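The entries follow the order in which I looked things up.

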Amino acid sequence: MPEPLSQSQFMTMALREYYRTHESVGQDFTTAPEISQVFGELIGAWSLDYFTQLGCPEAITFVELGPGQGTLMADLLRVGRLDPNFLKALNLYLVETSPILKAKQKALLPSPLTWLESFNELPKSSSPLLIIANEFFDALPTNLWERKDNVLFERYVGEESGQLIFHNQERGMDKGPDALWEDSPVANALLHCICSQLVSRSGAFLCIDYGYEEGQGDTLQALYQGAPSPPLHHIGKSDLTCHVNFKKLGEIARSYGLGVAGPCPQGSFLKALGIDVRFEALKAKNPSQHAVLEAAHIRLTHPLQMGTLFKALAVFSPPTLTPAGFL
Ligand code: SAH
């Protein structure tokens, strides 16, 4: 019988196979940039604003974590053209492991571009750093813990009668109230790495994802061909995600003395960046697209759609600046 795997070990293996072999974005799930060009345009405006606040440096390192089909970056760069200094300063890096998505990004985006397998590979430089990540942190492996009657348990994936099952392994005594919580050492380590770069070279990190601030328990979910599916079915063929623990990310960033804005609901973040005005302008220019544009606008901002569950968090340096979108 194979050795049991912790939930994060299981997720790491399953996701590696999934992203190696599946197109994912646009096939199994849709993301904000795929819903409307306005999303990437507003992130572009956000980036231009922070670049200006930094004093329009001559060189800027710009990293997108998990660019999917490259749509967000394409829309962002279209807005970037409004400021030739921004485009001239830009050194673009895409952190992507999926060969299928890399090919899509290459076909869509203008060169020069550099791909990295992980953020740790980013070349050393002193130029300011902008990093964006939309629906990237939710794809990072997460462990599940439970404390019951002062005993700590960790969720494992094992086998019983030829079937994969979840089971709890005892991890020793742990005094405290009964609780169920997740942690993602990979997400935490990545944020530490981002923060140590931001401290030394200034810049900002914008993280948009679905997540929570207070303990949420078990949030592991799987999507198979666009529909919810049990996480232990269709392994390597379904997308596995967990909600992002924004409270933890904020705590890590604060421990570096960096500025932290948010998390704030995606709906209010996009509204503060001007989403209503942009959609009105698009509707006025494309009357035949009115209904499609209205639907996209609602989907991105309505509290019952992506407006509240999705959140934006900015980590920035120097902490005296004010990233746009956070009221
Ligand atoms: N940001 C895009 C795609 C989100 S899906 C959008 O909003 O549409 C997650 C993206 O992260 C995909 O591009 C996926 O291939 C990439 N990815 C997932 N796990 C990764 C990892 N561990 N390292 C690098 N890229 C990863």
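This is a predicted model: local features need pLDDT of at least 70, side-chain atom pairs count only at pLDDT 80 or more; totals for chains, interfaces and linings use all residues.

**Entry 1**

The pairing of β11 with strand β12 (residues 227-229) is antiparallel and comprises three bridges. Two residues lie between the strands of this hairpin, and I noted that Gln225 has a positive phi near 50°. I then looked up the pairing of β11 (residues 221-224) with β13 (residues 239-241): the two run antiparallel and are joined by three bridges. Here I found Leu223 opposite Asp239 in β13.

I next asked how many of the 10 residues of strand β7 are buried. Seven are, and I recorded the strand, residues 151-160, as mostly covered.

I listed its pairings in turn. Strand β1 (residues 5-6) pairs with β7 in the antiparallel sense over two bridges, and Ser6 stands opposite Tyr156 in β7. β6 runs antiparallel to β7 and is joined to it by four bridges; Trp145 stands opposite Glu154 in β7. Strand β8 (residues 163-173) is also antiparallel to β7, with 10 bridges joining the two. I noted Ile165 in β8 as the bridge partner of Gly158.

I then checked the turns. The hairpin of β6 and β7 has two residues between the strands, and Asp149 takes a positive phi near 50° there. In the hairpin of β7 and β8, again with two residues between the strands, Ser161 takes a positive phi near 50°.

**Entry 1: aromatic contacts**

I counted the aromatic pairs and found nine. One of them joins Tyr18 and Tyr19 edge-to-face, at 5.1 Å centre to centre with 65° between the planes. Both Tyr18 and Tyr19 are buried. Another is the tilted pair of Phe137 and Phe205, with 5.8 Å between centres and 40° between the planes. That pair links distant parts of the chain, 68 residues apart: Phe137 sits in the loop between β5 (129-134) and β6 (143-148), and Phe205 in strand β10 (residues 203-212).

Is Phe137 buried or exposed? I recorded Phe137 as buried because its relative accessibility is 4%, below the 20% cut-off. Phe205 is buried as well, at a relative accessible area of 0%.

I also found Trp46, Tyr50 and Phe316 linked into a cluster by ring pairs. For a charge over a ring, I noted Arg155 over the face of Phe166, 4.0 Å from the ring centre.

The largest cavity has a volume of about 50 Å³. Which residues line the largest cavity? I listed Phe39, Ile43, Glu64, Leu72, Ile132, Ala133, Asn134, Leu206 and Ile208. The elements that contribute two or more residues to this lining are α3 (37-53), β5 and β10. β5 gives the most, with three residues. By class I recorded seven nonpolar, one polar and one charged residues in the lining.

**Entry 2: a loop glycine**

Lastly I looked up Gly257, in the loop between α8 (246-255) and β15 (259-265). I classed Gly257 as partly exposed because its relative accessible area is 49%. The C-alpha atoms of Gly257 and Ser317 are 8.8 Å apart, while the two residues are 60 residues apart along the chain.

Technical notes
Residues are numbered from 1 along each chain as its sequence is written. Side-chain values use heavy atoms; hydrogens and water are left out. Rings of Phe, Tyr and Trp (its six-membered ring) pair if their centres lie within 6.5 Å; planes under 30 degrees apart count as stacked, over 60 as edge-to-face and the rest as tilted. Buried means under 20% relative accessible area, exposed over 50%, partly exposed in between (1.4 Å probe, protein chains only). A charge sits over a ring if NZ of Lys or CZ of Arg is within 6 Å of the ring centre and within 35 degrees of the ring normal. On a 1 Å grid over the protein atoms alone, a cavity is a set of points where a 1.4 Å probe fits but cannot get out, and a pocket is an open set with protein on both sides within 12 Å along at least five of seven lines; lining residues have an atom within 4 Å of a point. Grid points are joined across faces, edges and corners, and a volume is the space filled by probe spheres set on the points. Ala, Val, Leu, Ile, Met, Phe, Trp, Tyr, Cys and Pro count as nonpolar, Asp, Glu, Lys and Arg as charged, and the others, Gly among them, as polar. Two strands pair if DSSP finds at least two bridges between them.
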